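Here is a walk through one protein chain, told in short steps. Keep the structure in view as you read.

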Amino acid sequence: MDRKTKSNEDLYTPSLWCKRMDPNTVVNKHIEIVQLISEKIKKSRYSISTNIRYGSGDQQLLDVYEDELTSLDYTFVYIHGGYWQDLNKDISAYCVEPLVNAGIRVVIPGYDLAPKVTLHNIVEEIHQLLSYLKDCLKYKETCLQLSPLNSLCGLDFTNFMSQVHVKVLVVYAENDSPAFHFQSKQFTKFLDKLGLEVTEERINGVDHFDIVENLANKDYSLTKTIINFILN
C-alpha cells in the first residue's frame, strides 16, 4: 500500500502491518513473549544492578546487565518502544543474554510515558539518561550527541566530526508500515549528509514486533549484526 494513501492512524499502528497474526493478537503475543523472557533474565546472573535512578521522574530508573567477563568498553543501551504510552523496562530485557555473552554490557532504562508527560519531556529524560551514563558510567559523549531522539541540527558537527569517528546502524523490518520504512531511509540520508558512516539494513521476514523479539536468539541475523557492529 502506498504511504500517501493511508491515514496516519494506520501508518503509525504497526500491528496493522503484521502478516503473521491479526492486530490484537500480535500485540498481546508480543507482551507475553517479551515478559516471559525478561522475567527469566531478571532472575539470572546477568541482573547486576537494578532500579538505578538517573532522573527525578517516576520511571527514570535503569537496569544494568553484565557478568564477570563483560568489557567496560562496550555498552548497548536499549530504549523500549510502546508508542510513548506503553511498556516498560521490566519487560524489555529480552535482548540481554546474547549481548552479555558476547562481552557487551546492556543498560535498559525506563522513562515516563504519555499522557502523563509530553513527547518533549520524554526526549529530555533520554538526554538525562545519556548524560548520566556518560558521567557516572564513563561512556563517551558520542552516545548523547547521536541519539536519534536528539535535535541533531543544533550540533556543531564540523568540530564533532574532527574529534571522533562515528558509525550508525539503521535497521527496519520488511513487514512494517511504509511510514517506518520512509523514516528509516530519511534518517539514513540525513546522517549521510552530515558525513557519518551509516549502514542501512532491512531485516527480511520480520515485522515491528518480532524484529526485536528475536534479539533473544544469538543466531538471529540482527543479533549477530549488532554484536559485530559494536565489537568491530
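Start at a helix end. Ser 177 caps the N-terminal end of helix 7, with a side-chain oxygen 3.0 Å from the backbone nitrogen of Ala 179. This is a polar contact, meaning a pair of N or O atoms within 3.5 Å; within protein, one atom must be able to donate a hydrogen and the other to accept it, and residues adjacent in sequence count only if both atoms are side-chain atoms. Helices (H or I, at least four residues) and strands (E, at least two) are DSSP runs, numbered from the N terminus.

A word on the source. This is a predicted model, in which local features need pLDDT of at least 70 and side-chain atom pairs count only at pLDDT 80 or more, while totals for chains, interfaces and linings use all residues. Residues are numbered from 1 along each chain as its sequence is written, and side-chain values use heavy atoms, leaving out hydrogens and water.

Now follow helix 7 itself. Helix 7 covers residues 178-193. Its 16 residues should span 22 Å at 1.5 Å a residue, and its end C-alpha atoms are 23 Å apart, which agrees. The expected span is 1.5 Å times one less than the number of residues. Which residues of helix 7 are buried? They are Pro 178, Ala 179, His 181, Ser 184, Thr 188 and Leu 191. Buried means under 20% relative accessible area, exposed means over 50%, and partly exposed lies in between (1.4 Å probe, protein chains only). Helix 1 (8-11), strand 5 (167-175) and strand 6 are among the parts that cover these buried residues. Just after helix 7, Gly 195 takes a positive phi of about 90°.

Strand 5 also holds Leu 169. Leu 169 counts as partly exposed, at 22% relative accessibility. Leu 169 touches Thr 199, Thr 225, Ile 226 and Phe 229, not counting residues up to four places away in sequence. Contact here means heavy atoms within 4.5 Å. Leu 169 and Ile 226 are 57 residues apart in sequence, but their C-alpha atoms are 8.3 Å apart in space.

Move to strand 4, residues 104-109. Why is strand 4 largely enclosed by the rest of the structure? Six of its six residues are buried, so the rest of the structure largely encloses it. Both faces are covered: Ile 104, Val 106 and Ile 108 are buried on one side, and Arg 105, Val 107 and Pro 109 on the other.

Strand 4 has partners. Strands pair if DSSP finds at least two bridges between them. Strand 2 (residues 61-65) pairs with strand 4 in the antiparallel sense over four bridges, and Val 64 stands opposite Val 107. Strand 3 (residues 71-77) pairs with strand 4 in the parallel sense, also over four bridges. Here Ser 71 stands opposite Ile 104. From strand 3 the chain crosses through helix 3 (residues 96-101) to strand 4, in a right-handed β-α-β crossover. Right-handed means that, with the strands pointing away from the viewer, the path from the first strand over the helix to the second runs clockwise.

Ser 92 is buried, with a relative accessible area of 2%. A polar atom of its side chain lies 2.7 Å from the backbone oxygen of Asn 88. Leaving out residues up to four places away in sequence, Ser 92 touches Ser 38, Tyr 78, His 80 and Ile 108.

Last, look inside. A nonpolar core is a set of buried Ala, Val, Leu, Ile, Met, Phe, Trp, Tyr and Cys residues joined through side-chain atoms within 4.5 Å. The largest has 26 residues, and those with the most contacts inside it are Tyr 65, Phe 76, Val 96, Leu 99, Val 106 and Ile 211. Helix 2 (23-42), helix 3, strand 4, strand 6 (197-207), helix 8 (210-213) and helix 9 (221-231) each supply at least two residues of this core. Apart from it lies another core, of 13 residues, including Val 107, Ile 126, Leu 129 and Leu 133.
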